[in-house]
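Good morning, and thank you for coming. I would like to take you through one structure, beginning with a helix and ending with charged pairs.

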Amino acid sequence: MITNYIKAKEIVKQKYNENDPYYPMLVVVLYGLLNKYQEHNLIKDLFLKTDIYIESGEINEILKKHDIETEIEEDSLYTTYGGSNQGNLVYQDEKGNITFQKENPYIVCTNNVSNEDLLNTFCHELNHLIKGEINGFYFEETENGMNYSLRTGLAVYYYEYKKEQDEIEYEVYNEYLDEAINSIQTTEIITDAYSLKDWIEDERIIQYLNSLEESKIKKDIGYHEITPIVRKIWNNKSFKELIERNIVIGNLKEIEKEFDQNTFEGAFLKLAKYIDTIDKLIEINTRNKNLNKIQNKVQNIIDLYNSKTKFILQKKQNMIK
């Protein structure tokens with residue numbers, strides 16, 4: 001792991017001075033991400049081209065300050081500490097044509113938070129960008145207009161533009177399942193990186209790590225209602241390996257196929273849809289029979305998958321013996 005630590009410092013130094021107040025945090029995050037995604041050679045280029053804004057104020061105020069037109073939708077359930085954008089833009093030009101433009105990705109974070117929350121937020125957003133860098137955008141012209149989609153991790157944002165009506169229809173899939181997984185991965189990444197303090201000799205990095213509270217580092221932040229539900233299946237190595245084998249390259253069909261083989265046809269999409277619904281019901285404070293019913297459906301799918309994959313893993317172990 002010493003190689004990834006050296007690499008993390010070299011990458012950050014290409015963009016930040018060692019005296020920058022965020023230099024230690026950035027080194028720690030990149031070290032954790034390089035450990036997590038060792039088989040993918042994209043973190044350096046992505047970090048160097050990403051515009052990073054860590055400033056005082058609310059997120060949308062910071063965006064406005066830097067003339068970034070996109071607003072980050074704030075979830076009423078949670079305080080929004082950060083946001084990110086892959087830089088894949090679709091817009092209407094002066095002639096009325098819909099066109100595509102690639103800009104730099106960006107990460108925006110408010111620094112009006114604890115060191116632990118800022119570390120988690122920045123890592124969470126960069127982790128999102130990593131999982132949208134490959135096969136993250138699809139664009140197709142049609143007779144009626146065009147279709148395009150944006151992907152980050154499991155989440156797919158699908159748009160259909162109808163030229164005659166001058167309307168855009170919008171759908172999103174797997175959004176909160178992806179957010180929960182991203183939150184869990186973020187906890188894993190920074191927990192791993194936190195162990196740097198046990199063996200590195202860089203005084204500034206050690207000082208930064210010692211300023212962090214270990215119990216907060218190891219706690220999932222964000223999406224508090226759904227993340228514990230997803231952890232019940234994430235702790236199954238079979239599920240985690242399935243997701244992490246395919247999520248960066250965007251091979252969602254393979255995820256669905258293998259998951260359904262261990263449960264039933266359409267199970268993965270149902271699981272994702274149920275989790276989206278749970279988040280919406282909780283946001284509008286609808287704690288009723290519907291919520292309990294959907295939570296039970298999610299639990300049934302998780303229990304089925306866990307029982308089937310444990311059996312398969314046991315069979316494989318028996319064969320090795």
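The expected span of a helix is 1.5 Å times one less than its number of residues; helices (H or I, at least four residues) and strands (E, at least two) are DSSP runs, numbered from the N terminus. This is a predicted model, in which local features need pLDDT of at least 70, side-chain atom pairs count only at pLDDT 80 or more, and totals for chains, interfaces and linings use all residues. Residues are numbered from 1 along each chain as its sequence is written, and side-chain values use heavy atoms, leaving out hydrogens and water.

Consider helix α12, residues 267–283. Its 17 residues reach 24 Å from first C-alpha to last, close to the 24 Å expected.

Now to the charged pairs. How many salt bridges does the structure hold? There are 12, each a side-chain nitrogen of Lys or Arg within 4 Å of a carboxyl oxygen of Asp or Glu. In one of them, glutamate 244 meets lysine 36 at 2.8 Å, N to O. Glutamate 244 belongs to helix α10 and lysine 36 to helix α2, so the pair ties together parts 208 residues apart in sequence. Lysine 36 counts as buried, at 18% relative accessibility, while glutamate 244, at 21%, counts as partly exposed.

Another salt bridge joins the side chains of lysine 49 and glutamate 133, at 2.6 Å, N to O. Lysine 49 is in helix α3 and glutamate 133 in the loop between α5 and β6, 84 residues apart.

Technical notes. Buried < 20%, exposed > 50% of the residue type's maximum accessible area, 1.4 Å probe, protein only.
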